[in-house]
Amino acid sequence: MTLKYYQQHADDFFSATVNVDMNALYRPFLEHIPKNGWVLDAGCGSGRDSKAFLQRGYRVEAFDATAEMAILASQHTGLAVKQMTFSDVDAVARYEGIWCCASLLHVSAMELPAAMAKLARALKPGGIWYASFKYGDSERLKDGRHFTDLNEQRLNTLLSTLEDITLTRHWITEDQRPDRSEMWLNALLQKHP
């Protein structure tokens, strides 16, 4: 259902998100990643964040679950954005940073631990991982998309399934899009060195 939504609304979603200023979220993530380090933009959407990381001198790989979004992100970034899902991630200790901005929230609560484990495996020891979820404590369908919302308690429960990942910081922000007032739970995670 969620994939169908993004297939049908790729152009609109791209236009609504590609120019949102995310600098305040980049800073706490990028300060932990060495220059020229590898970043995985997992569920990259428009490619906005991939492009920002490239412009700052990082090496970037990106994927999105729908072909339509992967094509638009490739055109925007110049990267060969792959069409794949979190369950397709098979890298081992490859990335200094993993960026999951508003992407893991589309994974069902039941499948989220397995998706998180795949990403944790792909992160290098000492690597940093950013993830954001709409703030809440439910799983829901809205406008043809599935959402798994997290609050602090649900985040801690989820992280308890990952033995080598530590929550280093979490904070709540308001949606940066001008027509939205939703709250977001942001988390910085680190893999044990």
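**Stop 1**

Select Asp149 to begin. Its relative accessible area is 4%, so Asp149 counts as buried, the cut-off for that word being under 20%. Please note that the model is a predicted one.

The side chains of Arg140 and Asp149 form a salt bridge, with N and O 2.5 Å apart. Is Arg140 buried, partly exposed or exposed? Arg140 is partly exposed, because its relative accessibility is 24%. As a general point, side chains of opposite charge can pair when their charged atoms come close.

**Stop 2**

Select residues 139–142, which are strand S6, together with residues 145–148, which are strand S7. These two strands pair in the antiparallel sense over 4 bridges. The Arg140 of the previous stop has Phe147 as its bridge partner in S7. Between the two strands of this hairpin there are 2 residues. Select Asp143 here: its phi is positive, near 50 degrees.

**Stop 3: helix H7**

At its start, select Asn151 and Gln153: a side-chain oxygen of Asn151 comes to within 3.2 Å of the backbone nitrogen of Gln153.

**Stop 4**

Select Glu182 and Lys134. Their side chains meet in a salt bridge, with 2.8 Å from N to O. Glu182 lies in the loop between strand S8 (165–174) and strand S9 (183–191), whereas Lys134 belongs to strand S5 (residues 123–134), so the pair ties together parts that are 48 residues apart in sequence. Both Glu182 and Lys134 are buried. In total, 6 salt bridges are counted in the model.

**Stop 5: the open sheet**

Display the strands as a cartoon. An open sheet is formed by 7 strands, and their order is S3-S2-S1-S4-S5-S9-S8, with mixed pairing. Which strands stand at the edges? They are S3 (82–83) and S8; each has a single partner strand, so one side of each is left without a neighbour in the sheet.

Next, select strand S1, residues 38–42, and strand S2, residues 59–64. S1 and S2 pair in the parallel sense over 5 bridges. Leu40 has Glu61 as its bridge partner in S2, and Val39 stands opposite Val60 in S2.

Show the side chains of S1. In general, the side chains of a regular strand alternate between the two faces of the sheet. In S1, Trp38, Leu40 and Ala42 point one way, while Val39 and Asp41 point the other way. Of the 5 residues of S1, 5 are buried, so the strand is largely enclosed by the rest of the structure.

**Stop 6: helix H4 and Asp49**

Select helix H4, residues 48–55. H4 lies across S1, S2 and strand S4 (95–100), and runs at about 175 degrees to S2. Its buried residues are Arg48, Asp49, Ser50, Ala52 and Phe53.

Select Asp49, which is in H4. Asp49 is buried because its relative accessible area is 4%. A salt bridge joins Asp49 and Arg48, with the closest N and O atoms 2.8 Å apart. Leaving aside residues up to four places away in sequence, Asp49 touches Met22, Tyr26, Asp41, Trp99 and Cys101. After H4, select Gly57, whose phi is positive, near 95 degrees.

**Final stop: the whole protein**

Clear the selection and view the complete model. The protein contains 7 helices and 9 strands. Of its 193 residues, 53% are buried. Among contacts with a separation of 6 or more, 62% are between residues 24 or more positions apart.

How values were computed:
Residues are numbered from 1 along each chain as its sequence is written. This is a predicted model: local features need pLDDT of at least 70, side-chain atom pairs count only at pLDDT 80 or more; totals for chains, interfaces and linings use all residues. Side-chain values use heavy atoms; hydrogens and water are left out. Buried means under 20% relative accessible area, exposed over 50%, partly exposed in between (1.4 Å probe, protein chains only). A salt bridge is a side-chain nitrogen of Lys or Arg within 4 Å of a carboxyl oxygen of Asp or Glu. Two strands pair if DSSP finds at least two bridges between them. Contact means heavy atoms within 4.5 Å. Axes are lines fitted to C-alpha atoms, for helices over the stretch in contact, and angles run from 0 to 180 degrees between N-to-C directions. A polar contact is a pair of N or O atoms within 3.5 Å; within protein, one must be able to donate a hydrogen and the other to accept it, and residues adjacent in sequence count only if both atoms are side-chain atoms.
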